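Me: I've got a fold on my screen and want to know where its labels come from. Can we go through them one by one?

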Amino acid sequence: VLREKFGEALGEVLQVDPDADKDGEGASDGLTMESVQAEVNRISQAIVAMGGVVRVVNVDPIGEVEIEYRGPNRVKKGLELALLDVEYVKHVKFVS
């Protein structure tokens, strides 16, 4: 019904499971802190070697990742692109 009324302007439609954990930790098909941290760990030596420091601050199960980062902008952009390659990551937000 929504698709008929709003067409392509509606965007992505997700089904919500009322039985899932409220924090998303129980969902095996969503974004988790562990999956983001695994990617950061994979590239952290390169980030440190280029003068950067990174820490995962928060992971929202719907796709937003908050990262604390200090270092060169070119490394920051590479970090953002690497995190966007993680399944279910839709947006990377850099916080201080």
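Below, each label is set against its definition.

Reply: First, the ground rules: this is a predicted model, where local features need pLDDT of at least 70, side-chain atom pairs count only at pLDDT 80 or more, and totals for chains, interfaces and linings use all residues. Residues are numbered from 1 along each chain as its sequence is written, and side-chain values use heavy atoms, with hydrogens and water left out.

Me: What makes up the pattern of the protein chain along the sequence?

Reply: Reading along gives α-α-β-β-α-β, from three helices and three strands.

Me: Which residues of α3 are called buried?

Reply: V75, L79, A82 and L83. Buried means under 20% relative accessible area, exposed over 50%, and partly exposed in between, with a 1.4 Å probe and protein chains only.

Me: Why do we say the buried residues of α3 line one face?

Reply: Because, looking down the axis, they fall within an arc of 95°; the arc is taken from the directions from the helix axis to the C-beta atoms. Turned away from that buried side are the exposed N73 and R74.

Me: What do the buried residues of α3 pack against?

Reply: Their partners are α2 (33-49), β1 (53-59), β2 (64-70) and β3 (91-95). Contact means heavy atoms within 4.5 Å.

Me: What makes β1 and β2 a pair?

Reply: Two strands pair if DSSP finds at least two bridges between them. β1 and β2 have six, in the antiparallel sense, so they qualify under that rule. V59, for one, is bridged to V65 in β2. Their hairpin has four residues between the strands, and G63 there takes a positive phi near 125°.

Me: In which sense do β2 and β3 pair?

Reply: Parallel, over five bridges. E64 has H91 in β3 as its bridge partner. From β2 the chain crosses through α3 to β3, a right-handed β-α-β crossover: with the strands pointing away from the viewer, the path from the first strand over the helix to the second runs clockwise.

Definitions and conventions
Helix = DSSP H or I, 4+ residues; strand = E, 2+ residues; numbered from the N terminus.
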